[in-house]
Every structure is written in structure tokens, then in C-alpha cells.
Amino acid sequence: MNSFGMKLRFSTFGESHGKALGCILDGVPAGLDIDEAYIQSELDRRKPGKSEFETARKEADKVEILSGVFEGKSTGTPIAMIIYNTNQKSKDYSNIKDVFRPGHADFTYFHKYGMRDYRGGGRSSARETAARVAAGAIAKLMLRSLGIEVLSGISEIHGIKAQKYNYSYVNESIIYALDPDIEPAQKEAVLEAKNRHDSVGGVSRVLIKGVPVGLGQPLYYKLDGVLADAMMGINAVKAVEIGDGVLSARALGSTNNDAIRANGFETNHAGGILGGISNGDDIVLNVYFKPTPSIFQKQHTVTTTNEEVDFSLKGRHDPCVAIRGTIVCEAMAALVIADMLLLNMGSTMSGLINYYK
């Protein structure tokens with residue numbers, strides 16, 4: 001399955017070391033102003049090679065719109081976008097042609113399909129997420145017209161947690177940190193691991209503001225369920241929390257419930273979602289990324305013929321995949337909310353009548 005969404009549906013294509021990757025986004029209403037500079041700026045936030053905290057692979061990630069846009073506006077037909085790969089070094093992966101890298105999808109792809117593209121992981125590479133960011137940028141343009149904003153930042157790296165969440169600071173930080181006071185320690189943890197030829201994990205905190213009450217399709221297309229699905233589909237994500245998440249299991253009902261007053265909720269332990277439907281409060285997610293599995297230490301593994309070997313990886317890899325991953329979290333969250341907005345338009349007869357009368 002290479003597609004996601006219902007009313008706003010996108011499909012991605014391409015591999016890490018193929019000629020190009022891209023997406024087809026179907027369901028964008030006609031008449032949306034398509035700001036190509038904004039779409040490119042979102043890709044620039046995710047693209048590799050900007051600092052020592054990321055992979056050294058430098059890709060321009062220049063997006064080209066092939067269809068679905070005329071005179072700067074969406075036409076209502078599928079929007080196709082392509083991003084050409086320009087800086088592959090496939091020879092770096094020749095030593096793993098017949099070897100499974102621990103922590104990667106090599107083993108499972110090979111046993112599922114009977115073959116695999118060993119050049120950087122092929123389709124399973126996080127390189128594919130550039131296409132998701134392009135699609136997410138268009139979803140963000142849709143949300144912007146409705147006053148909805150999707151923000152994110154890094155709240156934790158290697159167990160070093162932010163003490164405050166300053167979303168206005170994020171784009172000033174090379175690691176998209178939410179807490180400028182904690183940022184130096186988080187940077188040090190990344191570089192220490194990198195210097196040891198190791199990697200670290202991290203947590204992206206996503207904030208969605210301005211969402212109206214009523215988004216979500218119970219019982220089997222709940223807003224929180226689809227958001228979790230979207231985040232878990234991102235490379236290296238191992239857990240997702242909505243609101244207080246796992247802390248809810250340790251709380252009492254009397255403290256976990258969000259009391260309601262005439263002007264809204266007193267607290268937001270639920271993370272803006274009740275019964276799978278948005279309640280009008282801010283939607284909050286914590287997305288947990290494992291350490292990048294591509295490390296340069298000698299490791300035990302087996303070959304495609306099940307021979308035990310020790311090997312050392314080559315190539316260019318992020319020491320902390322969560323840093324660029326947080327931009328992908330934003331994109332997927334925007335796509336989910338935009339899809340839910342379109343789905344919600346027909347939930348009542350009054351909404352249907354207001355549209356057609």
C-alpha cells in the first residue's frame with residue numbers, strides 16, 4: 001500500500017537511489033492558491049546536508065509540479081509532484097548487497113518479496129518522506145485558509161527533555177529544538193553519539209491549533225486513530241501519544257478528566273480529541289523516534305543465505321533521525337486534518353444544504 005487518506009488521498013513513488021521520487025495528491029478542491037515557494041520552503045526544512053546534525057548527503061530537493069495547477073491555482077484534478085535525486089552514492093552500499101543491516105527493513109523486505117533494493121534501503125528509506133512533505137505543504141495551504149496551523153519541534157533527544165515548548169523558536173534552531181535552554185545539551189548528545197559512530201533517538205511534539213469541533217469519523221476512522229496511523233507510518237517511529245498519552249494510565253479519573261466551563265475546557269489532558277472526534281481544543285501529539293539504525297560500529301548479522309557475519313556499514317546517515325523527522329510529522333498531521341475537514345462536510349443535512357443552496 002502506497003496511498004493514504006480518503007477524500008484527500010496521496011500516493012508516493014520512488015526509491016532512495018532511484019532516479020526520482022514524488023507524489024500524486026488527489027482531492028484538493030479547485031481554486032486553492034498554490035504557493036510553490038512555500039512548498040519548496042517546507043522541503044528545504046526537511047532536506048539533508050544542512051548541518052553536522054544531519055546526514056552529509058546533500059540533495060537540492062527541488063520540487064516540480066507536473067499537473068493539477070493552472071495559473072497558480074489548483075484545478076481540482078490530481079496534483080503530481082516530482083523530486084529528482086541528484087546525490088546518490090550507491091557504491092557505498094555494495095558491501096551489504098547480501099547482508100541484512102540490524103534495525104533496518106532489509107530482513108523483512110527480503111523475506112516478504114524475495115528481493116530488495118539494497119541501495120540505501122530502496123523504498124523503505126526515509127528519503128521517501130520528501131514526497132510526503134510536498135503533499136503536506138499543499139494540505140497546510142488548505143488549512144491556512146481556515147485558520148488552522150500545524151506546528152512541531154523536538155522536545156526530547158536521548159532522554160534530555162524540554163522544560164518548556166517555544167514553537168516560535170523552532171525555526172531558529174538547527175535541530176528544531178522547542179526549549180532553547182535545553183538545546184545545547186541535546187546538541188551535545190547528538191554529536192557525542194556521532195563521534196562514537198552511534199546514534200540517538202528523539203521525540204517530536206506536534207501541536208495543531210484552530211481545529212473546529214467535530215472532526216473524526218467514529219467508530220473506525222477516529223481522528224486520534226488516523227493521526228496515530230499517520231505517525232506510525234513514518235520511518236523509525238515506534239510510539240505515538242495523544243495528549244497525556246501513557247501518563248493517563250497512571251492518573252485518576254478525577255485528575256485526568258478535562259472539566260468544561262462556558263468558555264471551554266479547563267485542561268487538555270485529552271489532547272484535543274474525545275471519542276475520536278476533535279473537541280475544539282489544541283491537538284497535541286508526542287511522536288517517538290528510535291535511534292537511527294545506520295551506525296558505523298561493527299555488528300553481528302546474517303547474509304541472505306543465513307551465514308553469520310560481522311560487518312561495518314558505510315554511507316551517510318543522520319545521527320538523530322527525529323530532527324528531520326519532525327517536519328514529516330507536521331506534513332502527515334496536516335494531511336490528516338485536511339482529509340477530515342473534507343470528510344466532515346457531509347456529516348449533517350444542514351451542511352449539505354448550505355453547500356448546494
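In this predicted model, I242 belongs to strand β11, which covers residues 237-242. Which residues does I242 contact, leaving aside its neighbours within four places in sequence? The contacts are D224, H269, A270, G271, I273, V284 and L285. I242 and M340 are separated by 98 residues in sequence, and their C-alpha atoms are 17 Å apart in space.

**Helix α1 and its partners**

Helix α1 spans residues 36-46 and helix α3 spans residues 129-144. Their axes come within 9 Å and cross at roughly 135 degrees. Angles from 65 to 115 degrees count as roughly perpendicular and those over 145 as roughly antiparallel, so α1 is oblique to α3. The crossing of α1 past α3 is right-handed. On the α1 side, the contact is made by Y38, I39, E42, L43, R45 and R46. On the α3 side, T129, A130, V133, A134, A137, I138, K140, L141 and R144 take part. Sorted by type, the residues of this contact are nine nonpolar, one polar and five charged.

Helix α7, residues 322-344, is another partner of α1. The axes of α1 and α7 come within 8 Å and cross at roughly 145 degrees. E42, R45 and R46 of α1 meet R324, I327, V328 and E330 of α7. How many of the residues in the contact of α1 with α7 are charged? Five are charged, two are nonpolar and none is polar. E42, R45 and R46 of α1 are in contact with α3 and also with α7.

Q40 is a further residue of helix α1. Is Q40 buried or exposed? Its relative accessibility is 12%, under the 20% limit, so Q40 counts as buried. Not counting residues up to four places away in sequence, Q40 touches A60, D61, K62 and V63.

**Backbone angles**

D61, one of the residues touched by Q40, sits in the loop between α1 and β4 (63-67). Most residues other than glycine have a negative phi, and most peptide bonds are trans. Phi of D61, in contrast, is positive, near 50 degrees, and D61 is not a glycine. H197 also has a positive phi without being a glycine. H197 lies in the loop between α4 (183-195) and β10. A cis peptide bond runs from P218 to L219, with omega near 5 degrees. L219 is in the loop between β10 (202-209) and α5 (223-232).

| Residue | Phi | Relative accessible area | Class |
|---|---|---|---|
| D61 | near 50 degrees | 0% | buried |
| H197 | about 60 degrees | 43% | partly exposed |

**Aromatic rings**

The model has five aromatic pairs. A pair of aromatic rings is described by the distance of the centres and the angle of the planes. For F100 and F110, the centres are 5.5 Å apart and the planes are at 55 degrees, which makes the pair tilted. F100 lies in the loop between β7 (79-84) and α2 (106-113), while F110 is in helix α2, so this pair ties together parts that are ten residues apart in sequence. F100 counts as buried, at 4% relative accessibility, whereas F110 is partly exposed, at 21%. Which residues make up the aromatic cluster that includes F100? The cluster is formed by F100, F107 and F110.

Notes. Residues numbered from 1 in each chain as written. Predicted model: local features only at pLDDT ≥ 70, side-chain atom pairs only at ≥ 80, totals over all residues. Heavy atoms only, no water. Axes fitted to C-alpha atoms, helices over the stretch in contact; angles between N-to-C directions. Helix = DSSP H or I, 4+ residues; strand = E, 2+ residues; numbered from the N terminus. Parallel < 35°, antiparallel > 145°, perpendicular 65-115°, else oblique. Left-handed = near helix turned anticlockwise from the far one by under 90°. Contact = heavy atoms within 4.5 Å. Nonpolar A, V, L, I, M, F, W, Y, C, P; charged D, E, K, R; others polar. Phe/Tyr/Trp six-rings, centres within 6.5 Å; stacked < 30°, edge-to-face > 60°. Buried < 20%, exposed > 50% of the residue type's maximum accessible area, 1.4 Å probe, protein only.
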